[in-house]
Amino acid sequence: MKKLWRFLRSMRFGILLLLLIALCSVLGSVIPQGKEIAWYAQTYQQVHGWILLLGLNRVFQSWYFIALLVLLCLNLSLCSLLRIRRVVREGKGEIEQAAAWPIQTPLTAEEAERVREHLRAIRSREETVNGVSVWHKNRIGRYGSFITHLSILLVVIFGALALYLPRVTDRSCMPGESLTMEDGTEIYVDAFAIEDESGTLDYNSWIRLTLPDGRESGLKQIKVNYPLSFGNYKIYQQTYGTAGSITVNNLDTGGTDTFSLTDTVFLSADGRDGVWFDALYPGYIESEDGSVTLITSSSGHYTDPVYHITLAAQGEYTPVLAFPGESLTVGNWRYDFNDPVEYPGLRIKYTPGAVNLLLLLSFLLMIAGLYITFFLVPVLVKLDETGCTVGGPKPEGLRMEIELLTRKETDT
Amino acid sequence: MNVLFFGSLVLYFAAAVLQFIGTLFKKDKVARIAWLVFLASLAAQTAYLLVRGVTARRLPLSNQFEFATAFAWGIALMLLIVRLRLKADWLSVAVMPMVFLVLSYAALQPREVTELMPALRSAWFGFHIGAAVFSYSAFIIAGCVGLRYLIVSKKGSADELKLHQMDYLSYRMIALGFLLLTITILSGALWAEQAWSAFWTWDPKEVWALITWIIYAVYLHLRLRGKRQGTAMAWYAMIAVPVVLFTFAGVNTIMPGLHSYG
Ligand code: HEM
């Protein structure tokens, strides 16, 4: 039992876990993830059964990958939390202890002076304890790896929360209209543009967010890399679409209504006569014999939009192509085909609580931890006229520097 | 502009060859000329990157060609700094060919200056990719030091202190590379959240950055264990280099994903 406990908190186990995580990652990058089962059957033929059995089609969501991460967190907590007491204890009174160290590297007076100069040059501080001088700097350095490990733990925890807690929905919204979220938050789309001033594709929406408590974001421009962050919401300019726009006029009353259309729909007052909107095409090619081929996809503006509709009148259905600016009359109703409307597809992300902020702080802590570990290396040296002893948690670099310094002395 | 690019490529090659001859036959004079040629090449390459950046009015880091050129430049710059600071002349013979190889890879890529695609127009762009360039460069230098260590230690007459110095330099370069790779990955996560709404999507490039990160984390821990294991660590630093190169170039080429720009 004790042996198992020791293994669980050992660095060896930590390294093993890291290597297993790396191995899973290699598999997860070599085997395309999250495809249809049939795709694996076709691509991997005989071995696809193994791939599916071992969950290699969804490695990063598999139970064993998550188990490895949990074990890593456990191992990290055990190994750093249990060590930190000792690290703190060793840090306390280390200068007094250093003063009592025996001299390990005998030096001539001249060499000792060289070492002293070097210690001064690297800005370590001299402190005299019982008449013995101890040089030190970067005492915080000993906590670097603890801070690093703690931050890794926090990044894994808050990272998992930041990946799995948010509610993400993709919604389209016509300019001039609003979306209402479940909690009552309202997203108003004021305008949308596909191109920037120079005519290159660059999708921009102008939106306003109103939270349930009435707070308003004001009208904000969003585009790729520049989402709107407000409250717990983040709104991204995700995609775009082009909708047909048909104005229906009642010739008797003079009333009109304009519809933005993306899906097949029947515009009719009585359910019998009217216009079926089938689709809107971005353009067409007219051949010499007068026949027309419709272009079915395009990026950016629709250059020559065409409405594909079906006219329903007195039980007869006639397919028709209509162009913006044209009108059709069926009974007492006139249908005006307007210029199409471009509209944004928004991605709406709701992240509860302060998860993102905590994750950001963990990131900063990790960078600080690594910086402290590697660039605030502790210096702890006892130095007198007979020699010196380099100690502290990371003596390697300084020992080498002193060896180089004193060797130069003997060389010259 | 091409003159500067190909000029630096040819000069790096010349420097590497001269340095090799100088080291092999212990001709200090040849090695000194190699260093001067190398400096000239670095100057030409720096000028090239500046001109390209000014012409395109952005950091020249946006496609595989520019990134590879900057990568070679990063390695060369690090060699310059390390050599000047530590008087580590012995480093050149291992690093110069690497600069040439990476720049040759760049030369094989399409070179036209392209408009920065909207997804890359962000304040994170320079930060994320700049950190990656220097991180990879530091790992390459560490690997080259490892190679030099293995060659020198084979000789038998090796000076123990010098070997230790090499081992320590390799470790320090990995430490620097590790910090920068961490910055690359974390800034990438923040950027991904700004651009695509998720911090992490297990995209192949992300996954390979993580694999590289783990490999160097393991190096750092192995090195902590008790007494010095110079030869093993030198092998490790060297064998990890192909992983870095794969993360840099291989992933984009053979694994499609969000990072497959240009
Ligand atoms: C997830 C990845 C990990 C990273 C990035 C990481 C990072 C680091 C770094 C940067 C150091 C300092 C190395 C140096 O000074 O050269 C370190 C030290 C150390 N790590 Fe980790 N570590 C990780 C996981 C672990 C795990 C799982 C253990 C498990 C027990 C562990 C145990 C240790 C120990 C005992 C030290 C020495 C502590 C000291 O010098 O004060 N690490 N780690």
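1. Which side chains meet in a salt bridge at 2.7 Å, N to O? Those of Arg52(B) and Glu66(B). A salt bridge here is a side-chain nitrogen of Lys or Arg within 4 Å of a carboxyl oxygen of Asp or Glu. Arg52(B) sits in helix H2 (residues 28-56) and Glu66(B) in helix H3 (residues 64-86) of chain B, 14 residues apart. Both are buried (under 20% relative accessible area; exposed is over 50%, partly exposed in between; 1.4 Å probe, protein chains only).

2. This is a predicted model: local features need pLDDT of at least 70, side-chain atom pairs count only at pLDDT 80 or more, and totals for chains, interfaces and linings use all residues. Side-chain values use heavy atoms, without hydrogens and water.

3. The structure holds 16 salt bridges over all chains. One of them joins Glu90(A) and Arg142(A), with the closest N and O atoms 4.0 Å apart. Glu90(A) lies in helix H5 (residues 63-91) of chain A and Arg142(A) in the loop between strand E3 (132-137) and helix H8 (144-164), so the pair ties together parts 52 residues apart in sequence. Helices (H or I, at least four residues) and strands (E, at least two) are DSSP runs, numbered from the N terminus. Glu90(A) is partly exposed at 40% relative accessibility. Arg142(A) is buried at 11%.

4. Lys223(A) pairs with Asp202(A) in a salt bridge, closest N and O atoms 3.6 Å apart. Lys223(A) is partly exposed at 27% relative accessibility; Asp202(A) is buried at 6%.

5. Met233(B) lies in helix H8 (residues 230-254) of chain B. At 3% relative accessibility, Met233(B) is buried.

Conventions:
Residues numbered from 1 in each chain as written. Chains lettered and ligands numbered in written order.
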